[in-house]
Amino acid sequence: MAYILALNPLILGAAADKNGKLLSGAPKFLDAAGKTLNEAAIDHNKMMVLAVTALVAGVMTIFMGIYGRFPLGIAAGLGINSLLAYGVAPTMTWPQAMGLVVWEGILIFIFVISGLREMIFRAVPRSLRAAIGVGIGLFIAFVGLVDSGVVRAGSGTPVQLGVNGSLVGWPIFVCVVGFIAVVILYVKKVRGAMLIAIAGGSILALIIEEIGKIGPHIGDQNPTGWALNVPRLPAASSFSWPDLGLVGRVDLFGGFLKDGHFNIATFISVLLVVFSLMLADFFDTMGTVVAIGAQAGLNDAEGNPPHLKEILLVDSLAAVAGGLGSSSSNTGFIESSAGVGEGARTGFASVVTGILFLLSMLISPVITMIPSEAAAPVLVFVGFLMMSQVTDIKWNDVVEGLPAFAAIILMPFTYSITAGIGAGFILYCITKLFVGRARLVHPILWAVSALFVIYFGQGLLLDLIAKL
């Protein structure tokens, strides 16, 4: 699971909100034109993100061990952090974005204690549940390809391969080598394959930068430079007590307002973003818990693991804690299967994992060594692993397959998990209606689809309201 300590700071640490501010509140650029990066602030911001990522993961994983009594590690979830960085934060401030994560966790907590979680789970058909996982996997992979420069804006085309259609430059070389390494290590069943690949790629990048002085790629300048982070050894003075200043930087209500005032279209739009965050977390957790329990031989005859309600309660509180700690929504990791494979059957494994996460707060300055090109191969590979769910979709049935297809392709193509989920839901209801199977659609799905229609048409609705 330790690879999240490298990936979360790279995804959240360099992303700016609508005001051009980092999570720490510092400006991302030193100039108004946005061409001179505030490198010192970005480095410090990434260290802060690593510290809170380790803190929240440590505390909640220990809580899972003690209260959930289950060998499940918890940390910031891939997919949700990308949604925050590239879809939510550009539309509001970072504290407001993290406030939405808190609300997502609160909603899941309410659903767990009221029993609604299972009802919602059953309301969404299996094909769409699978499509959400596959779509998020493709989205994560696309983020990795873009952040590494393997895919970038083209000349005359929306995107292209590398620089003018060629994979040139040492940073892309690091990415390719890293991807080959993670594949080989994973196939060979080497423990910690993803973390080893990130570490190896980072060391290679450090050597290349030290010799070649590659420098950063900013805008149209130095297209063969490093995309997000120029690898360099951390200063000895930076190793100190971790800066936890991101804890508590949350605005619970500002995200639902437009310029400080209530607006119905804005409120519905943001409510659907919260719902999308919840769904992304929702189904991933259910699948992970059942899979880990099955591997450990802990599930009952109906396929449910022991202490399920306690496990889900901890998971919902982990989302709240992730928002309050500014590390993004935290959730159960399927990588917990590594511990189960070594014999973990109780919560003691989670307690040990949590303690190790807390200790890793002390090494936050190492994030300056890791370029996005060293971490991107793992994002792409995780995307591949999430593709396995595609077999759960009935592709020979257009009514089931087409909505799933829409959800899958629109997540990466629109750079929005919310858009993919919404399109899938709406198209599912429409196809069921026109083939005479509308009664088979759960009322909850009809209601949510209606809200997504408003979400997609909010621009038109605002224009109509303005004319009244």
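The second largest pocket of this predicted model has a volume of about 800 Å³, where a pocket is an open set of points on a 1 Å grid over the protein atoms alone, with protein on both sides within 12 Å along at least five of seven lines. Volume here is the space filled by probe spheres set on the points, which are joined across faces, edges and corners. Of the 29 lining residues, V146, D147, H217, A227 and L228 are the closest to the centre of this pocket; lining residues have an atom within 4 Å of a point. Two or more residues each come from α1 (4–12), α6 (126–147) and β2 (151–152), these elements being DSSP runs numbered from the N terminus (helices: H or I, at least four residues; strands: E, at least two).

The largest cavity has a volume of about 110 Å³, and its lining includes L37, W226 and R232.

Helix α8 (residues 193–212) has 20 residues and should span 28 Å at 1.5 Å a residue, which agrees with its end C-alpha atoms being 28 Å apart; the expected span is 1.5 Å times one less than the number of residues. Among the buried residues of α8 are M194, I198 and L206 (under 20% relative accessible area, 1.4 Å probe, protein chains only). After α8 comes K213, with a positive phi near 50°.

Residues are numbered from 1 along each chain as its sequence is written. Local features need pLDDT of at least 70, side-chain atom pairs count only at pLDDT 80 or more, and totals for chains, interfaces and linings use all residues, while side-chain values use heavy atoms, with hydrogens and water left out.

Methods:
On a 1 Å grid over the protein atoms alone, a cavity is a set of points where a 1.4 Å probe fits but cannot get out, and a pocket is an open set with protein on both sides within 12 Å along at least five of seven lines; lining residues have an atom within 4 Å of a point. Buried means under 20% relative accessible area, exposed over 50%, partly exposed in between (1.4 Å probe, protein chains only).
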